[in-house]
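I record below what I looked up in this entry, in the order in which I went through the model.

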Amino acid sequence: MLSLSFFSNNMASKTFRVAKIIFKRSQPYFCPVINGRSYSTAITSGDNEPSFLDSVQIYFNKAAKISGVSEKTLSHIKAPDCSLQVTFPIEVDDDKVEILTGYRVHHSRHLLPVKGGIRFSPGVEEQEVAALAALMTYKCAIVDVPFGGAKGGISIDPKKFTLAQLERITRRYTVELCQKAFIGPGVDVPAPDMGTGAREMAWIMDTFRQFHPNDVNSIGCVTGKPISLGGVRGRNEATGLGVYYGVREFLSYPVVQKATGLSEKIEGKRIVIQGFGKVGYWAAKFFEKNGAKIIGIGEKDCGAYNPNGINIEDLFTYLVKAGTFQGAPNVDIIDDTLKILELDCDILIPAALERQINLENATKINAKIVGEAANGPITPAANDILIEKGIIILPDLLLNAGGVTVSYFEWLKNLSHMRFGRMTKKWDELGKSKLVELVENNVGRQLTESERKSIVQGAEERDLVYSGLEDTMVAACQETKSTAASKNIDFRTAAFVNAIQKIANVYEGSGIMFMT
Ligand code: NAD
């Protein structure tokens, strides 16, 4: 079964239809009272907190008011463009078939291709995918990646399927995307997200190529691929590394130091991470490498704690083998995994799921900075509470943008059909060697071999990717800080304001066709 709906991007509709489901964009508002103070939120679910999609809208609306962008353009930006829902059968046993549902939402096609990950998780549903697609639009704008925003996923628990079944599921979903023109290097370029990785991206690419055997750019239909199949060095760790660069950059701002009492150094900072997957693991590695102490890590079933610092590689190796932290050496186990979020620490990094810090636990958060590596880990009401507690929040649409930034590099590599640095490395080395010789002759001292190598060596692909990522993250953090300071607003609102203004420039600059 297929349901496919297109929406005019000019429509400022409060209600839009995706497959058979009507999304209500505007929900009745409700103000819970905590310690005598009320917090704005909207009732959309049993827990009296907004859905993820409504949360993104709440943050957007708050920034929209102070963005200086016209109402007409704002509603244009906000309205989702189009959405695809597919259902397809998968044979799980000899005579048993399971019907699976997959989604792909294009939030904004103001720039093409659109970009966004593919998630395999039981929680995947239309509203979640729509929320993540909207975040992708704003995220790309913040880091000046020239893509529109999209997201996709299949509602499955990947752990419940065999490798062969997972391959069939991924390929079948890709066939649906191909048939409906929801994938292609110039249209829509997916990437990994929760529950997917380089392996799934390789299957997607291979399936796409069967449909487009003559497309010379076909490998650019997806990013996050293995290196041998056109991936770029540095993509695996990009989101975690971007999180590290972002936190390091904010720590260097006097305004953050003053608000938190923290020094600018990463060294010695006590860090807690929720989620030890692709993002959480790499963020932990980079913080550890730069001298921070990872004192707590939370996973699905339990958390690991060591106030003196966890050895990241040891714990990760244990987790891969045992499937749990239970029984791991040199850590205490916290059975109630949500309690990991409440540990006393300098920096808390949620890197798992959305809505993890909410009205239930916001008052108990004991960090000075919360860096959102996951998408949407804090509900709007919890956001208010944390800000009131003086906690600095580094928002998802900025902090986890390293993944899409390096995906952009990978896409560029695929379109240019050449590894970064291939044409310049030797030339650079030659130029630098000549310079070193000149200095040696003038100074009268020969450099040691290692001194010479460190100066002369040309950049490898990974060096260039890291450098491009660092530059992008630092620039985006600085823009956010400067908008926050000039408008006296928090960093999340500032990031949204910057994104809205950049997208508005594209919309307004390109005019509006067919509007009566
Ligand atoms: P992943 O599937 O590799 O890792 C997620 C980890 O979280 C897994 O180890 C899982 O077991 C764990 N987890 C699940 N439920 C949990 C719970 N209740 N408590 C603690 N841990 C739990 O996914 P990922 O790619 O690392 O993505 C994590 C988050 O980062 C998601 O919100 C995703 O949208 C966001 N993100 C990912 C990327 C990327 O490049 N992969 C980029 C930007 C944002």
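**Terms and model.** I count a residue as buried when its relative accessible area is under 20%, as exposed when it is over 50%, and as partly exposed in between, with a 1.4 Å probe and protein chains only. I took helices (H or I, at least four residues) and strands (E, at least two) as DSSP runs, numbered from the N terminus. The model is predicted: local features need pLDDT of at least 70, side-chain atom pairs count only at pLDDT 80 or more, and totals for chains, interfaces and linings use all residues. Residues are numbered from 1 along each chain as its sequence is written, and side-chain values use heavy atoms, with hydrogens and water left out.

**Helix H2.** I listed the buried residues of H2 as Thr73, Leu74, Ser75, His76, Ile77 and Lys78. Six of the eight residues of this helix (residues 71-78) are buried, so H2 is largely enclosed by the rest of the structure. Its buried residues pack against helix H1 (52-65), strand E9 (96-108), helix H3 (126-142) and helix H16 (491-510).

**Whole chain.** I noted 16 helices and 19 strands. Of the 516 residues, 55% count as buried. Contact means heavy atoms within 4.5 Å. Residues 24 or more positions apart account for 67% of the contacts with a separation of 6 or more.

**Ligand site.** Of the 23 residues around the ligand, Arg119, Asp193, Thr239, Glu299 and Asn375 come nearest. Helix H6 (235-251) and helix H8 (278-289) each supply at least two residues of the shell. For polar pairs I looked at N or O atoms within 3.5 Å; within protein, one must be able to donate a hydrogen and the other to accept it, and residues adjacent in sequence count only if both atoms are side-chain atoms. A polar side-chain atom of Lys278 lies 2.9 Å from an oxygen atom of the ligand. A backbone N or O atom of Gly195 lies 3.0 Å from a ligand oxygen atom, and for Gly277 the corresponding distance from a backbone N or O atom is 3.5 Å.

**Glu410.** I found Glu410 in helix H12 (residues 402-416). Is Glu410 buried or exposed? Glu410 is buried, at a relative accessible area of 0%. Its side chain joins that of Lys225 in a polar contact of 2.8 Å. Setting aside residues up to four places away in sequence, Glu410 touches residues including Val222, Gly230 and Arg235.

**Val189.** I placed Val189 in strand E12 (residues 188-192). Val189 counts as buried, at 0% relative accessibility. Beyond its neighbours within four places in sequence, its contacts include Arg104, Pro113, Cys221 and Trp411.

**Backbone geometry.** I kept in mind that most residues other than glycine have a negative phi, and that most peptide bonds are trans. The peptide bond from Leu112 to Pro113 is cis, with omega near 5°. Pro113 sits in the loop between E9 and strand E10 (114-120). Arg355, not a glycine, has a positive phi of about 60°. Arg355 is in the loop between strand E17 (347-350) and strand E18 (369-371), and is partly exposed at 22% relative accessibility. Asn488, also not a glycine, has a positive phi of about 55°. Asn488 lies in the loop between helix H15 (461-487) and H16, and is exposed, with a relative accessible area of 71%.

Key
A residue is near a molecule or strand if one of its heavy atoms lies within 4 Å of it.
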